[in-house]
Each structure stands twice: as C-alpha cells, then as structure tokens.
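Visitor: Hi! I'm new to this one, could you walk me through it?
Guide: Happy to. Let's bring it up and take it piece by piece.

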Amino acid sequence: VLDLVENGARFKDIRLVCPDLSGYKSGVEFTFRRCNIPLYLSGKDDILSQSVVHTVLAALEVAIGGFDQKDVLTYLKSALSPVTLADCDRIENYAYIWSVNGKAWLTAWDKHPHGLSAKWTEHTDKSLAKLNAVRSAFIEPLKHLYDAMHTAQRLGDMLQGVYVFLDEIHLAQRLEKLAAEMEASGEFRN
C-alpha cells in the first residue's frame with residue numbers, strides 16, 4: 001500500500017480483498033495503524049455474536065424464560081457479565097449441585113456450597129454469604145427485567161424495561177472498561 005501511494009496512488013483508490021477477514025483482521029488493523037494508513041473495513045459480522053447484543057439477548061432469555069438455569073448461566077458467562085469469572089464458577093457449581101432453577105434464583109441460598117457430604121464450618125458461612133451477595137447483585141436487575149417483560153402492556157413498556165435493565169447493570173461503564181482493556185492489550189476494533 002505504501003509503495004502504491006509513493007508511486008502516485010491515493011489511499012481511497014486502494015482496495016484489499018480477503019475471503020475471510022476474521023483471521024487477518026487484528027493484524028491488518030495493527031499494521032495499518034502503525035503505518036498511518038487510513039483503513040475502512042467492510043464485511044459481514046454476525047450481529048448476534050457481538051458482546052452487547054449477546055449479553056442483552058441472554059438477559060431477555062432469562063426474563064422471558066422464567067430464570068431457567070441454562071439461561072441464567074449463559075447470561076453470567078457473556079462477555080459483559082456483571083460477575084467475575086471466579087464468582088461465575090462458584091455460582092455455576094452451586095446451581096448444578098443444588099439444581100437451582102426458576103424462582104430458586106430469587107431466594108437466599110442456604111445449602112452447603114460444596115454439596116451434601118461437605119462439613120459445615122465458619123468458612124462455609126462466609127462463603128455462602130459471599131455467594132448470596134453475588135447472586136443478589138446480579139439477580140435483582142434480571143428480576144426487574146422479568147417484571148417489566150411480564151407486566152408490559154405495550155412494546156414501549158418492554159423497551160423501557162430493557163433500558164432500565166441496561167442502566168441497572170451499568171452497561172455503559174462496563175463497555176468503557178472493556179474498550180480500555182482492549183486498547184491496552186492492543187486489540188483495536190473499528
């Protein structure tokens with residue numbers, strides 16, 4: 001590209017075509033940025049695989065599906081999950097051990113986090129209290145979304161419920177944090 005420009009071509013007249021951009025995208029973006037070459041990428045991306053859309057759709061599945069275990073765990077594992085990976089693992093283990101499903105997500109958990117055969121200790125109380133705090137923090141916005149979806153009279157009511165949900169989970173702040181992390185790691189996206 002630089003050779004073409006040095007020989008009189010204009011950046012806007014140069015096109016690169018690639019049958020599968022996914023394998024080359026980050027390298028192309030990095031190289032073009034480093035060489036100060038303007039870049040416009042065009043292609044087909046599956047919008048349903050994008051982080052924000054995937055997170056919102058997963059939350060809607062929870063709200064519409066009545067807190068099905070699989071839906072809740074999918075939401076917790078999404079890229080913009082409100083819980084850390086370690087907390088997600090603990091929640092997932094508890095949910096599998098005790099078959100947490102439906103309304104059981106909405107009530108305080110009181111069973112041993114490691115199953116029936118585990119001994120109850122002072123550490124268990126602290127672990128369970130932390131687990132309940134994490135559960136409560138992520139379940140409240142989902143409960144509000146559930147209520148909004150099930151009491152809505154019009155589409156506008158449903159959209160308002162989604163808006164409130166996105167605000168409650170601090171999506172804008174999490175997106176800013178994710179963008180900063182991606183930039184710091186050198187993963188640039190347009």
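Guide: Let's start with His112, which sits in the loop between H5 and helix H6 (122-151). Keep in mind that this is a predicted model.

Visitor: Okay, is His112 buried or exposed?
Guide: His112 has a relative accessible area of 6%, so it counts as buried, the cut-off being under 20%.

Visitor: And what does the side chain of His112 make a polar contact with?
Guide: With the side chain of Thr124, at 3.3 Å.

Visitor: Which other residues is His112 in contact with?
Guide: Leaving aside neighbours within four places in sequence, the list for His112 includes Tyr94, Trp98, Ala118, Lys119 and Trp120. Thr124 is on that list too.

Visitor: You mentioned H5 and H6. How do their axes cross?
Guide: At roughly 100 degrees, and the axes come within 10 Å. That angle falls in the range of 65 to 115 degrees, so H5 and H6 are roughly perpendicular to each other.

Visitor: Which residues make that contact?
Guide: From H5 you have Asp87, Arg90, Ile91 and Tyr94. H6 brings Leu128, Lys130, Leu131, Val134, Arg135 and Phe138. By class, the contact of H5 with H6 has six nonpolar residues, four charged ones and no polar ones.

Visitor: How far apart are Arg90 and Asp87 in helix H5?
Guide: They are three residues apart, which means about one helical turn separates them. Arg90 is partly exposed, with a relative accessible area of 37%, while Asp87 counts as buried at 12%.

Visitor: Which residues do salt bridges that share partners join into one network?
Guide: Asp87, Arg90 and Lys130.

Visitor: Changing topic: where is Ser78?
Guide: Ser78 is in the loop between helix H4 (69-76) and helix H5 (85-97). At 5% relative accessibility, Ser78 counts as buried.

Visitor: What does Ser78 touch?
Guide: Not counting residues up to four places away in sequence, Ser78 touches His54 and Thr55. A polar contact of 3.2 Å joins its side chain to that of Thr55. A polar atom of the Ser78 side chain also lies 2.7 Å from the backbone oxygen of Tyr75.

Visitor: Last one: at what angle do H4 and H5 pack?
Guide: About 170 degrees, with their axes 10 Å apart. An angle over 145 degrees counts as roughly antiparallel, so that is how H4 and H5 run relative to each other. On the H4 side, the contact is made by Gln69, Leu73 and Leu76. On the H5 side, Cys88, Ile91, Glu92, Ala95 and Tyr96 take part. By class, this contact of H4 with H5 has six nonpolar residues, one polar and one charged.

Conventions
Residues numbered from 1 in each chain as written. Predicted model: local features only at pLDDT ≥ 70, side-chain atom pairs only at ≥ 80, totals over all residues. Heavy atoms only, no water. Helix = DSSP H or I, 4+ residues; strand = E, 2+ residues; numbered from the N terminus. Buried < 20%, exposed > 50% of the residue type's maximum accessible area, 1.4 Å probe, protein only. Polar contact = N/O pair within 3.5 Å; in protein donor to acceptor, adjacent residues only side chain to side chain. Contact = heavy atoms within 4.5 Å. Axes fitted to C-alpha atoms, helices over the stretch in contact; angles between N-to-C directions. Parallel < 35°, antiparallel > 145°, perpendicular 65-115°, else oblique. Nonpolar A, V, L, I, M, F, W, Y, C, P; charged D, E, K, R; others polar. Salt bridge = Lys/Arg side-chain N within 4 Å of Asp/Glu carboxyl O.
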